[in-house]
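User: I'm new to protein structures and would like to learn how to read one. Could you walk me through it?

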Amino acid sequence: DRPVTCRVMFGSQTTHAAFQLSGISDSVKGRIDFRPFNYHEQWARNIFVQWPGKSNPRSYLPPEGTSGISGSDSAYVHIVIVGMSPMGIALATEGAQNAHYPNFASKGIRSRITFIDPEAYRRMLLFQNRFKGMFSVSRWRFADTASCCTGGWTLPSGTGHLGRDVTDVDWEFISGSPEDKGIQDFLTQSVSNPDARVTVAVCIPDHNQALSCATSLPDIIYRKAVQVLVYQRCGSSVIDSLAADSSHDMLMSNVRPFGMDSECYDDRTVRMSETIADQFASAYSAIYAKLSGRHGNTARPAGVKKAYGKSAAAKWWSNVYNADSVWTKLRSAGYDGTGEVDPDRLLAMTEHYRWNMETLLMRFRPLTADEQAGVLDSTFDKEELKGSEAAHLDICSWERLKEIDPDAVLYDNAMIDILPDIYRFTLKEYGQDS
């Protein structure tokens, strides 16, 4: 008999993350197909994962807005999170999963995520401790209200063996409140750049404070931001009323409530991503089988007691997050069902940087220089580090990847090559009228 699918919502992101890495006990896997989800992450996916034909009554937009960002564009995505609450963290990490564009490969243009919070310094330290591996290879900076982001990027150090760029997303932490003049000026400057695609997400847990903040931003935010998201867990009636009032139409047209308990679980988004994840898994397995034939058996050797390789749960979630990013890639390519998706292979490079971020957010880390040197000729050591240390050889720049693990490039290419098939299948199975 097929196992029973069991979907469980975790309120805690930490608990959800633990199950993403380890899954459930082997003793019940044959009977239960365990599919956990997290309330905050699910809402972030509902907003940022958009595809043609998706029912989207609240008009949520992906980070890049209404049009894709191609390799020739000078545009960049900037997600501003007001309030480092669990919902703010979830929106930031989901944005970091998806905001990857081919103009980084062609022009070095990076996405940016900014947190604004009165306790930004303390919460920054907690966030950095949670994602140590990511911050070891990412650019970031801290500022207070008085010196709002005037410089001072902290750059990765001791990472020369990983290549020049490992991630394409920058992180900012600003200590202050949204009503502070320095913050208001920062927000104004952020949307005034014609190349910026800015989403402002007010993630203050208190319902009324969030509403007050979201309706008291500089007027230019409502005119130029991609969207203004306001966390309203108790209900969206106030925002809905403002949006329906013609006298507020121009001002409030891009303000969108989110986080409502009654609208959290979007079954179509979940099932669509899982279906695409299965297609990615099949493509991955086909390449893995070819490489195993070339290099010999890479399965866990008999007698090895340490964890070996990525867990099945971690692999499954990796495919789900890749599935969520499909539509960003297709928008970047301007793909409409005809022609080639990636003739210049910029999307394959973009996929590698997306995978780097996904893997770092699942709390894997890059190898040290000594570890990297020690595993280049040993599949066993590479898989053992992956399983027992959550350390992955392939977390490195694209150019370095081609040197130390050239076969891994085949996976990035394959994940792009099947996009036309995924596009056609999804519109047929999950289009609005299906």
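User: Where does Ser70 lie?

Analyst: Helices (H or I, at least four residues) and strands (E, at least two) are DSSP runs, numbered from the N terminus. Ser70 sits in the loop between helix H3 (39-48) and strand E3 (76-82). Bear in mind that this is a predicted model: local features need pLDDT of at least 70, side-chain atom pairs count only at pLDDT 80 or more, and totals for chains, interfaces and linings use all residues. Residues are numbered from 1 along each chain as its sequence is written, and side-chain values use heavy atoms, with hydrogens and water left out.

User: Which residues is Ser70 in contact with, leaving aside its neighbours within four places in sequence?

Analyst: Contact means heavy atoms within 4.5 Å. With those neighbours set aside, Ser70 is in contact with Pro102, Asn103 and Ser332. There's also a polar contact of 3.1 Å between the side chains of Ser70 and Ser72. A polar contact is a pair of N or O atoms within 3.5 Å; within protein, one must be able to donate a hydrogen and the other to accept it, and residues adjacent in sequence count only if both atoms are side-chain atoms.

User: Back to H3: how many of its residues are buried?

Analyst: Buried means under 20% relative accessible area, exposed over 50%, and partly exposed in between (1.4 Å probe, protein chains only). Ten of the ten residues of H3 are buried, so this helix is largely enclosed by the rest of the structure. Among them are Tyr39, Trp43 and Phe48. At the start of H3, a side-chain oxygen of Asn38 comes to within 3.1 Å of the backbone nitrogen of His40.

User: Which residues of H21 are buried?

Analyst: First, the general idea: an α-helix has 3.6 residues a turn, so residues three or four places apart point the same way. In H21 (residues 419-430), the buried ones are Leu419, Pro420, Ile422, Tyr423, Thr426 and Tyr430. They cover an arc of only 160° around the axis (taken from the directions from the helix axis to the C-beta atoms), which puts them on the same side of H21.

User: And how many disulfides are there?

Analyst: A disulfide is a pair of cysteine sulfur atoms within 2.5 Å. A search of the whole structure turns up zero. Take Cys203: the nearest cysteine sulfur, that of Cys213, is 9.9 Å away. Cys203 counts as buried, at 0% relative accessibility, and Cys396 is buried with a relative accessible area of 0%.

How values were computed. Expected span 1.5 Å × (residues − 1).
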